[in-house]
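Hello,

Here is the structure for you to look at. My notes follow below it.

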Amino acid sequence: MYPYVPHTQKDVEEMLKKLGLNDIEELFNDIPEDVKLNRELNLPKAKSELEVRNRLMELANKNCSVSKMTSYLGAGAYEHYIPSVVNHIISRSEFYTAYTPYQPEISQGTLQYIFEFQTLISELTGMDVANASLYDGGTAVVEAALMSCAYSKRDNIIISKTVKPDARKILKTYAHAQNLNVIEVGIDDGVTDLDELSNLVNENTAAVIVQSPNFFGIIEDLEKMSEIVHKVKKTTFVASVDPISLGILKRPGDLGVDVVVGEGQSLGIPLSFGGPYLGFMAAKKEYIRKMPGRIVGQTEDMGGKRSFVLTLTAREQHIRREKATSNICSNQGLNSLAATVYMVTLGKKGIREVALKSTQMAHYAYEELTKSGKVKPLFNKPFFIEFALKTDKPTEEINQRLLENGIIGGYDLTKEYPQYENSSLYAVTEVRKKEDIDKLKSVLEGIL
Amino acid sequence: MRNYDKLIFEISKPDRIGYKLPELDIEEKPIESLIPEEFLNKEELNLPEVSEVDVIRHYTNLSNKNYGVDTGFYPLGSCTMKYNPKINEDMARLDGFANIHPYQPLSCVQGSLELMYELQNYLCEISGMDEITLQPAAGAHGELTGVMLIKAYHESRNDTKRNKIIVPDSAHGTNPATAAMAGYEIIEIKSNKDGLVDLEQLRQAVGDDTAGLMLTNPNTLGLFDKGIKEIAKIVHDAGGLLYYDGANANAILGYARPGDMGFDVVHFNLHKTFSTPHGGGGPGSGPVGVKKDLVPFLPVPIVKKDNEKFYLDYDYPQSIGKIKDFYGHFGILVRAYTYILSMGSDGLKKASQMAVLNANYLKEHLKEDYYLPIDTIYKHEFVLGGLKDSLSDVITLDVAKRLLDYGYHPPTVYFPLIINEALMIEPTETESKETLDEFIEAMKNIAKEAKENPETLKTAPHNTVVRRPNEVKAARDIIVKYEG
Amino acid sequence: MKVLKGLYYTEDHEWVKVDGNYAYIGITDHAQHNLGDIVYVDLPEVDDEFDKGDAFAAVESVKAAADVYIPVSGKVVEVNEELIDDPALLNADAFENWIAKVELKDKSELDELMSSDDYESFLEEEE
């Protein structure tokens, strides 16, 4: 017997009888003998819940979590404090055991939180419309690129090398499949080279994609870039952002950005070894008919009562089939709920406070670490909560020594940017304390 | 509190807070001294101000307007709405899994890598494939990855004239959308009268421009395509590859493997077959398995083992590249791994047996009042063509809406497109005979109501928090955010 | 279903009304009926040029999306912007509410289209 399969022997017999069958195997007679698996699957036998739990605990204990170590890793995934309410709400099984809200009458809970999520993301980014989510920050960049190509009917995508490497790699994978061209813009002291960008943009450019704060944590000049991009009609200016940064930084929508995407993991979603996270997309209203993914709209029911439905579905794969601009169906529903609960719990003051406190801690760390001169800043540009450092020793060696002291050091930049030798990226958020930074400083100086 | 009708923005009140953060233990500097003023937003964001109690009450009330598998029977065809075991949730939230950063040194994440390595092996065994990538984020993403792999295979052989993907007319819309996203043209072939691939049509459709065929087996009607070996031969002889959409894998665990049927690429939906929750529309996970010839093209990295140490292997020079940030939906992988351990080889087979038994049992009863276009043994699901006695103008939509009043989530309706007034029913193995009997009774009652009191159906549902929201209005007068 | 005399028709249910060197193009009553409540019309841009058979506009309802194929080659000189704000006009009267006005490139292409009688029998056959 199995706890998730309720049939008794008597049930099975009665049901088979209704079908005029004697043996369960007769239900599988339609599978030809030459494709039938005539042996048992080579997997372990069923285990009790206790045995399963013990095995999973054993595996989990082989990992060192950031709650036991002090981590300075960022590079696209950040350790922010997640209030308890978030997990409690997403653990309500009316939410997590539901399907995509195709039956609005019994899905108003899901539909309404998506509507709230769209509202919050629109407000945070300063855009007209937001969709219900995308897989993650990297694929959101790609979806924005594809949408821009469909919007402008052009094939060239310009992307800055300060955009996180994974996003650029995923873009190249997709672009190859669709015969689109990806053109990368170089880096000038940690930010997008604006002269180069200016030379590259022309009437074949579908999109210009940048990230701010960029992969090095530096704030890009979106306003200036917008001027460059919009010299050409119908070219889409796409910015990938860290939503927490919008607690203090100017909103992309107020700086001329057409489409904002990003990784929403910072908004109440655990690190979880890289996923599931939360991609988001917000845009000016002229893009709404080309947007990928689900969109929830407000309407009225038969009795005139406010209600919510999936809307503008004629954009999507199940209707457009091969003419759809994206094959995305549903994607990060529950994580958009986590982000919604996080955003409303922190609210007007809290998102700003998280951003401010993280900035204070990060800049304190930057000042302290670079004071002695043993560790040097790689760039000299304004940053948010992440910064690049350069030393005389390989990052791997430093990180190994830090690990022995209970510290997970910064992200090794040299792997993706060989021009930056012995350099790494440190992220500091509101969860760090003064003593953490002071310990990092002393251990680091001991190593160097 | 089903009548609760506020948006979170409507319960906001200035100066209320729902959180508390620690005080800074360093000297606070003016923000303008850290970040140049030109980058700083001077305006306040218009976000809600609510207390923690407000948040909990608000979203608890919203949850009461939802229906999940834990609420009741969810026979949504093609979606495999099986029970989501609670231990899966607990395991994914273990500190050692939930709180690890993707870029931690490998020595700090051996447990995660071991889990992924074993899951890769389990899925290879279940599918009969040679290697698996766990990266794809969802079914549609798995499909796209799979079709890109097919493309990379042909390109590596300089076989570049293959620009067409064949899809049966019963396929889900994602299949053609995916093939188009990978730069392919789509050829649709019609099903034969038994609902299976028409071999003659297939023979005529294939050629030296065929890149591949996308298929589910059992197909969208819930029928196992007996001609699968012949189908594979036709496509392979023409130089094309076979793609298996794993949407319906719950029917055949331990009975048949796509790898043995002749498929070259397969994706699984962990959120269907392997019990991870649908989450109200994600996050899911769509691992892709391939046969040996396609291994070199897999997206990187793949988890490997070397002398008891696990590592991420990026050494695939012909890889299609990356298709997702980091390594996939690890939190979902933990749940699926937990499920496979709980069920074991014996339990997975049992699951398929009972899923198929449940479907056929329902079919046998419901065909008395509903039209069953193809009367045969089904696998895990079956498709009805509306009410048998359609003298009234009651349509499938009305039946679905009336089921809401009886406390059920309706089946998938109007899909597949090849059956008029389709009702696609997939009970899954986690439902008891009692649940099925009650559902049968409800469906029979509805059939009776259709004759005696059709108006009750045309105006259904009557007991839900909202009733048939106006979709036309939503699409014409677009309101996609709260504007006060 | 209404079919208007004096117009040209296509098998994809578009109509063409010729006015000198120009033609008005729309979708037929049959097309709007099959689509149901139309919620959006994707119009071409003025000065866009199309070859006969190109998808030059799209019409969306809640349950379907249909491309509109241009029945004759030509350059768009005017689009019916009223449809942007009120797509339901196509449901109200599909023949009164044209989608675009096109400058004809090759008038002989008209000969390949159906007359109203042809179209009526075509509809009957399709039934």
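Helices (H or I, at least four residues) and strands (E, at least two) are DSSP runs, numbered from the N terminus. This is a predicted model: local features need pLDDT of at least 70, side-chain atom pairs count only at pLDDT 80 or more, and totals for chains, interfaces and linings use all residues. Residues are numbered from 1 along each chain as its sequence is written, while chains are lettered from A and ligands numbered from 1 in the order in which they are written.

Start with chain C. It has four helices and nine strands. Along the sequence they run β-β-β-α-β-β-β-β-β-α-α-β-α. The radius of gyration of chain C is 13 Å, close to the 14 Å from the globule rule for 127 residues, so chain C is as compact as a globular protein of that length. (That radius is taken over C-alpha atoms; the rule is 2.2 Å times the number of residues to the power 0.38.) The C-alpha trace of chain C spans about 35 × 35 × 20 Å along its principal axes.

Now the interfaces. Two residues are in contact if their C-beta atoms, placed from the backbone, lie within 7 Å. Five residues of chain C are in contact with four residues of chain A. For chains B and A, 165 residues of chain B are in contact with 165 residues of chain A. Helix H11 (residues 330-366) of chain B gives the most to the chain B side, with 22 residues.

Best wishes
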